[in-house]
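Here's a quick tour for anyone meeting this structure for the first time. Have a look at it, then read on.

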Amino acid sequence: MRSEGEISDSDLAVYVAVGRNVKEGKLMLSWAVKNFEGRNIRLVHVHQPPTLVSLLNGKMSTSKLKNQAVKVFQEFEQLKMQKLLNQYLFFLSEMGIQADKVLTETNNIEEGILQLIIQHRIRRLIMGAAAEIFHSKKLSEVNSNTAMVVFQQAPLSCHIWFISKGCLIYERPVESNSCLSPTMTLSSSTNSGGTTLTINSKENMDVDADNVQTVMHPIRSKEEVVGTINPTVPTVGQTSEDGSPLNLKVKFREHLPYSSSNSSLDCESLEKETGDLQDKLELAMIDAENLKQRAFEESLRRWRAEEDAMEAVHKAEAAESLLDEETNKCKEIEELLVKQKQEMETMKARHDQHLKELHLIRDQKPALESQLREAYTSEKELEDKIIQAVNLLITFKGTRDKLQIEYDSAMRKVNKYKAFQNEDPTGMSSAHFFGISFSDIIDATQTFNPSQKIGGGRYGSVFKGVLSNIKVAIKMLPSSSSQSDSEFKIEVEVLSRIRHPNLVTLVGACPESRSLIYEYIENGSLEDYLSSVAKTRHLSWQTRIRIAIEICSALLFLHANTSSCVHGNLKPSNILLDANFVSKLCDFGIHNLIPQNDNPLINHKPEKLAYMDPESIENGELTTESDVYSFGIVLLRLLTARPAEGVVRDVKCALERGNLDTVLDMSAGDWPLGQVKQLAYLALRCCERDRLDRPDLVSGIWAVLEPMRESCKLSQSTSTSCMDSTSQRKIPSHFVCPIFQEVMKDPHIAPDGFTYEGDAIKGWFNSGHMTSPMTNLKLENCDLLPNYALYYAIQEWQQNT
Ligand SMILES: Nc1ncnc2c1ncn2[C@@H]1O[C@H](COP(=O)(O)OP(=O)(O)OP(=O)(O)O)[C@@H](O)[C@H]1O
């Protein structure tokens, strides 16, 4: 408790009543700080709670509003108020002033201010002089109902400053004899007429009559208050002519302090007073207009507030519908949950069922696994059986193919044998030689005397000898052959029937010793001439071309034969030259007497392999194209006399470089380069690795060689330079009949272009042949022409020798 006369905090503090107009409030605070430096500043604020019931304006009862919405609205208003006051506090704190605040909550602002003055024993109060819209520095009077009510009803001990736009408009100083007793209490009661404030104070009972009248009289309304200030103005209840309540503005300076001295009025003063009253009435009218304006603004504010309330109601309704929706969703979710629960239970039941089945399967697993193992085993067994069966099938197929080949070969031989049984073009029979015994062979070779040996290769050794006073060459085949005697005899019989001027004649055989007996050819082999180092035995280019033609003719004959005999071993060492340098092929068809298994290629010398068709080396198969390949190499050797290995490469290079003459064997004389080039290209084509790329013997090779025959003959007859002396003394080869092998007496030209002895060729045709004895090619006719030129040449040669 504070003792009487003791100065309290509130006695010294300056209270500043601030409203919603922050700008005005801050100006007031600035004024207060400036004029009351060092004093505590306290904010006075009356919070007007939201009047929901009035805002709703009967459109909706509060009961309809959810309590929650009301609460939220109130909290929102409180927050707004706090924010407002915080702005003031912050404003002061920026000036270094820590301020307090005193608050109250009531609908009536002036009532709230009065309550706070009394409650906090306020001695110094600063407040706005005008309503919010009327604030002005030029304001000369208090222009606010609130200010007027506070002015009128505040305890006289409270000094009040009325401020507008930061300027002091009016000041109500403290009455010298006024004081507020600490025991003073404030009671307020509300009746239908408005608020009544009563200050109960013993001391107040002693103050002068004017003050009592001002402060102690119950106040029923603002108008009544105003009316009590000046008895000359109209009293409460008075209305203006337009019916609006008269709200009279009081000019404080005129009325305060109030003077009670009334003297008798004379007429002049009465008129003056009437004039004053009229002025006041006009002022009151203006005030009434202002009030009307304010009432309109109030209505606007209220309308906005109503709008806000309606919005809040809508929000509340929306929230309610949202709530309903959420409730419905909740229900749906609950239903869904129930459904899912049921599904879960069903699934669980199924899961249990599956689990049971799984257990059952697990129990059966070992049995199934053993079954599977058994199945695997039987599958493997079956697979093995299938593989075996397939292998067996392959073996059977191979055997069948082999048998088929053997059968075909046998059939061919049978056909060959049959064909040759009917053929004996020369009328020569060699059958009498087939009974040659091994002892005859021993005698003929002088027991294989090495001096009698004239050759030897992979097909055995060759001895010269004499049988029945005939010079023969005996070829001793390898004795290890797996061929039976009967097979050997058949093959030999077939070979012995192949007769051609350019083939060495097989005259007999000894199956016992596996030996073949050939006519003896005097002049050695072509290899002897080509590889002669001393070049003492050289061949002219004409002879070489003729040999090539003869060999081609012999091959044509072999290939065109009904049994289509492949030579299979064509090389210069198997081309023998007789006394007239007529070439004769030996060893033809010998590969049929020595099966390939008995004659591995591995034993071949590289020089000999060079003549072999690369394809036949790879697959062991001999074809007519194999002979073409060998012929190509022989031809290249005739041209170059170079070793068989590398001759293809050498000639190719020379042709590419355009200097073929550098690789030619110049011991043959002056090669006709045109023909040589032609022959070189032909030979290279024969040596193509792919069989299909090689030329055909008839259309590709014979067609090139045949035209060279005549030119070659003419050159040979005119040229003597390249012929050795021995050959000049010998019978010219073209004087000899290809069939009889004798100098012709009656030479005739046949349709194949060759000249034969008249009787020999006629006998050939008469025995039913329509082919050439030289080429075995079919002849168009059997017309013969006497070759008189040759006849006279032979006559001349015979006379000379
Ligand atoms: N009928 C024959 N008249 C004269 N000499 C012959 C006769 N047959 C073969 N010769 C001579 O025997 C040689 C060797 O011939 P043979 O065919 O056995 O051996 P090769 O050709 O070198 O080898 P391969 O056995 O591989 O054919 C011939 O070069 C030739 O000199």
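Where is the place of L114? L114 sits in helix 5, residues 109-119. Bear in mind that this is a predicted model, in which local features need pLDDT of at least 70 and side-chain atom pairs count only at pLDDT 80 or more, while totals for chains, interfaces and linings use all residues. Residues are numbered from 1 along each chain as its sequence is written.

**The overall picture**

- The protein has 24 helices and 18 strands; these are DSSP runs numbered from the N terminus, with helices being H or I of at least four residues and strands being E of at least two.
- Of its 801 residues, 31% count as buried.
- Buried means that 20 or more other C-beta atoms lie within 10 Å of a residue's own, exposed means 12 or fewer, and partly exposed is in between, with C-beta atoms placed from the backbone.
- Two residues are in contact if their C-beta atoms, placed from the backbone, lie within 7 Å.
- Take the contacts between residues at least 6 apart in sequence: 65% of them join residues at least 24 apart.

**The nonpolar cores**

- A nonpolar core is a set of buried Ala, Val, Leu, Ile, Met, Phe, Trp, Tyr and Cys residues joined through C-beta atoms within 7 Å.
- The largest one has 97 residues, and Y518, A548, I551, C552, F631 and L635 have the most contacts inside it.
- Helix 14 (residues 541-560) supplies the largest share of this core, 12 residues.
- Apart from it lies another core, of 42 residues, with L43, L116, F162 and I169 among them.

**Helix 17 and its partners**

- Helix 17 (residues 624-640) packs with helix 19 (residues 673-686) at an angle of about 145 degrees, and their axes are 7 Å apart.
- Axes here are lines fitted to C-alpha atoms, for helices over the stretch in contact, and angles run from 0 to 180 degrees between N-to-C directions.
- Helix 17 passes helix 19 in a left-handed crossing, meaning the near helix is turned anticlockwise from the far one by less than a right angle (clockwise would be right-handed).
- On the helix 17 side, the residues that meet helix 19 include V628, F631 and L635, and the helix 19 side includes V676, L679 and C686.
- By class, that contact has 12 nonpolar, one polar and no charged residues.
- For these classes, Ala, Val, Leu, Ile, Met, Phe, Trp, Tyr, Cys and Pro count as nonpolar, Asp, Glu, Lys and Arg as charged, and the others, Gly among them, as polar.
- Setting aside residues up to four places away in sequence, L635 touches A548, L679, L682, A683 and C686.
- Helix 17 also meets helix 18 (residues 647-657), where the axes come within 10 Å and cross at roughly 65 degrees.
- That crossing is left-handed too.
- I633, L636, R637 and T640 of helix 17 make the contact with V647, V648, D650 and V651 of helix 18.
- The residues in this contact divide into five nonpolar, one polar and two charged.

**Around the ligand**

- There are 21 residues around the ligand, and G455, G457, Y459, A473 and Y518 come nearest; a residue is near a molecule or strand if its C-beta atom, placed from the backbone, lies within 6 Å of it.
- Strand 9 (453-457) and strand 11 (470-476) are the elements that give two or more residues to this shell.
- Strand 9 gives the most, with four residues.
- By class, the shell has 10 nonpolar, eight polar and three charged residues.

**Residues worth a look**

- L114 is buried, because 27 other C-beta atoms lie within 10 Å.
- L114 and V150 are 36 residues apart along the chain, and their C-alpha atoms are separated by 6.5 Å.
- T543 lies in helix 14 and is buried, with 25 other C-beta atoms within 10 Å.
- T543 and S733 are 190 residues apart in sequence, yet 9.8 Å apart in space, C-alpha to C-alpha.
- I545 lies in helix 14 and counts as buried, with 27 C-beta neighbours inside 10 Å.
- Leaving aside neighbours within four places in sequence, I545 is in contact with M708 and C712.
- T447 has a positive phi near 55 degrees and is not a glycine; with 9 C-beta neighbours inside 10 Å, T447 counts as exposed.
- N776 is not a glycine either, and its phi is positive at about 65 degrees.
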